[in-house]
Amino acid sequence: MENEVHSWVPLLAFLTPLLAVLPILIFRRETMLRDGSTIAAGIVMLCLVVSMLGDVSAGKIITCHLFDLVPNVPLEFRIDGLGMLFALVASFLWIPTSFYGFGYMRGLKEHSQTRFFAFFAVSLSATIGVAFAGNLLTMYLFYEMLSLATFPLVTHHQDKEARSGGRTYLSHLLGTSVAFALPALIWCYVAGGGADGMNFSDGGFLSADLGPTGGVVLLLLFAFGFSKAGMMPFHSWLPGAMVAPTPVSALLHAVAVVKVGVFCVLRVVTGVFGVDLLGRGEGGLDIGITLAWVAAFTVIVSSLIALTQDNLKRRLAFSTIGQLSYIILGAALATKLSVSGSMLHIAAHAVGKITLFYCAGAIFVATGKKYISQMSGLGKTMPFTFGAFFLGSLSVIGLPPTFGLISKFHLVMGTAEAGEKVLLVVFLVSTILNAAYFLPIVFRAFFPKNDQLPDGETAPKFSWSAVREAPLMCVVPLALTAFLSVFLFFGSGFLRELVATFVDPLFPK
Amino acid sequence: MAEHLPVIVLLVPLFAALINALAGSADERVGFPLTVAALTASLASAVVLLLHVVAEGPISYFLGGWDQISGIGIELRIDTLNGLVLVTVAAVGLLTAIYSCQRVPEDTPGRVANFYTLYLLLCTGLMGMTVTADAFNLFVLIEIASLTSYGLIAMGSSKRGTYAAFNYIIMGTIGASFYLLGVGYLYIATGTLDMSDIHATIITEGLSDSPSILVAFVLITIGVWIKMAFFPLYGWLPNAYTFAPSTTSAILAPLMTKVSIYVMIRIMLTVFGSEYVFEQLGWSRLIVALATIAIVAGSVLALAQKKLKKMLCYLIVAEVGYMVGGVWLADHNGLVGSVYHIISDAFMTLCLFLAAGIFFRRLGSHYIDELGGMFSKMPVTMAAFAVGALAMIGIPPTCGFFSKWYLIQGGIASGHWEYVVALLFSSLVNAVLFFRIFEVALFGSKPAEGHGHSDDHGNDHAEPVKIDEARPATLIPLVATAAIIILLGVFNGKIIDIIQLTIPAGSIEIPAGTMSGHAAPK
């Protein structure tokens, strides 16, 4: 195609974190050098990704064709607006998370830090691989690589809890991908995609010959097969994965891993089925709505479960499950605004939720507290952390002045555009639920009632001398991402431009 | 020289075996270098042969110059199909030979020379089975391979090994007898033993309805099934491979079953022809169903095992189901997938058995529960084992994924959904099996209750566990095998292209033209 540019930069961006594993291992006894290599790799990768931003925003598509994996299906990178958006989010957030990780891991004197940062780098590489994947098979390859690379991170503590968490993690992620996604993949290949290389370029290579039943089955095979997206009933790996150290929960289980799941679903919807096939219009099979309802169910139920969780990280995990299903819902409705909303929500939720996880980790490092019921009054001693927590929750709820409002607005408008009134109610109810499970945390941190405090204590008065924050390396990243979610409320233009380059060709009017 | 390569591949290890038998009695240290040298020569000739066949089409070689017209010549024929299998056999043989360096004197003290003689003869037999184009000669070579393997298995120091070898002799002999009987029927009916002549005679004389051909087919198939341990004829396999010395199981497990599957494909497609096998008999449903049962049963039985090697043995039973099923799907992708899987499974099995041998030597125990902490103690061995395990599960980019890719495609295209489900089921079971091992290796058998915090500052200064890797002679072949597994996966397209030179795209037969020896290259 005329707007395609060949370039090796995507390959370099993919290889950078992978190669960083070497210096990380070599300098395993020189902490500063080891951690320095992580940061260096992060910066190089971000620069490489950003260097492609201009071309992609201008509507060009960057390709990097390596070699044929199976006949007609190459291992190829192909970067369009969607891939760029995701790569940008993941590679940008890796840098603050690395700093945060140094602070967190050193603060807690964790063991095997070298292994930890090495696998972290491999995970990032796999994430970029998924973001840049040019066809279904390439995407699947990196998807599996990510599942495996994150396993040692989830089970980092190597205790009983980690073992059972790791079991759930792998059995869900690997099990569903082998049992559902793999046959779906081969079905696609057999059903006519084979010769076209299964790539995402022409907005869907499946035809309506599939029939509505086949279409629904295939779509659900994909949606459940990519269970990193956390759709019920294959969601329980995510709360289980909370046994991991918090930097992992922050970057991987709020951004990279889970977003890879929804990203894959978005790819399947836009690149394999095509938005027309999903919809009700001419040539459509009207299958998107089934997926939308599964997602809507997940949104409501996970929010209700989140309300009942006292462990902060678990509450965040269930909130993530709900938010991921927003994205799937938007993709399933397949209107211009809803797909845009889904894409923006990838970024918005990433920035918001990572802030919340940073905060949860910072609270744990500073005070050793994991449960919300123990956190009354902590706002007085950790004002920055809880201030950031407040901004992060606003963004996840979708309130101004945060980026979350913009993405949620798109999603809601998209739902209206699709004419699904009941789903609008789902959005409304879930927003109320979001507020109900986040805002009380902030409220009781700053304004504790006496009966919420341990016996004999009274609500402390705020004074600067009483401030006991987590180490600076933990606090700075969370302040940064909290600021970012506010900043993007005002300055999201470049992201929306990126989204438009991807969405506009899908919906030619 | 080049035109004699088909026979050189066989003669080098054969003569090396003889030399070793003579010289070994004087000094048993001759065995190892001689074996490695002979198999290196075989591998090199096999590779050259394969390249030659890919470039210029199949080769026919008549032993001693007694050609087809004389009617008594034994023919060796190399096309890309058995060229690939030949390279695989030679490579696995060489890798295992390197691995044997220190293991054999430990496992079979005092019988090192005997071991290498049998080992070389086994390799000769297996490679012969691959290249021969004569149905009776094939029987002889099957017997060479089998008899040597009985000896190799019985050589171990454990009593159970001897008993298992005896069991194997009985089963193996029954299998060989079935095969021989079948060939007898064929000879009576067609008057020839040359594979493509048999096929040609069946066609020209319209023998395909003859009951003797049917009986021959059934007998030969059952004979080969016993040799490859196809469900439910697998009873001899698990104990024989589990209690054999580790070098023996490392060569037998990857090759014996795989070469037998190649033989089955060759018999089906070259001797009887795909039209007869798939259309006239129409047993696909039945046999794919049997294969499905083999896959499920093998996987479930593997789940029940507590010993690593035994678990791997049951996985072989399941993998045999993959390949037999794939061939009988009567679909191009299934057939090509099966051939590809012969190669990839050989290396996967080799990788796992080499690692299992290393673990056994270190721990003195076959039990999976004893593997605690292996990721820290033997990181390289464990990593290589993990590559083999991921290939068994079918994670890209290992070759195991791409075998499944083609096999499942074949299953979908031919409508054998039960086979597709069984493949996926077995992948999931494999995932459970191997992650159970990883878990033990990562956490130990009894993980700590508390947090794993260390006292140091996270610099990993005071590593509590010392890395204590296996010796280079055992580690090098293992790592090489792991690398091959990944390379085979990444370059699977090339392998498939080579297979398709013999089995043209879209077809399920080996066209007679490519077997006549003078066909134009594609």
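For the complex, the predictor reports an ipTM of 0.82 together with a pTM of 0.88. The average pLDDT of chain B is 86, and 93% of its residues score at least 70. Where pLDDT is low, predicted coordinates should not be read in detail.

Chain B comprises 21 helices and two strands. Its C-alpha trace extends over about 85 × 60 × 45 Å along the principal axes. The radius of gyration of chain B is 23 Å, which agrees with a compact globule, because a globule of 522 residues would have a value near 24 Å. Of the 522 residues in chain B, 60% are buried. Among contacts in chain B with a separation of 6 or more, 80% are between residues 24 or more positions apart.

The two strands of chain B, E1 (residues 59-62) and E2 (residues 75-78), run antiparallel and are joined by four bridges. Within this pairing, Tyr61(B) of E1(B) stands opposite Leu76(B) in E2(B). The side chains of E1(B) alternate along the strand.

In chain A, three strands form an open sheet with mixed pairing, arranged in the order E1-E2-E3. Strands E1 (4-6) and E3 (73-79) of chain A are the edge strands, each pairing on one side only. From one strand to the next, the twist averages 40 degrees. Strand E1(A) runs parallel to strand E2 (residues 61-70) of chain A, and three bridges join the two. One residue pair in this arrangement is Val5(A) with Ile62(A), its bridge partner in E2(A). The parallel pairing of E1(A) with E2(A) may be set beside the antiparallel pairing of E1(B) with E2(B).

Terms used
Residues numbered from 1 in each chain as written. Chains lettered and ligands numbered in written order. Buried ≥ 20, exposed ≤ 12 C-beta atoms within 10 Å, placed from the backbone. Pairing = 2+ DSSP bridges. pLDDT = per-residue confidence, 0-100. Axes fitted to C-alpha atoms, helices over the stretch in contact; angles between N-to-C directions. Rg over C-alpha atoms; globule rule 2.2 N^0.38 Å. Contact = placed C-beta atoms within 7 Å.
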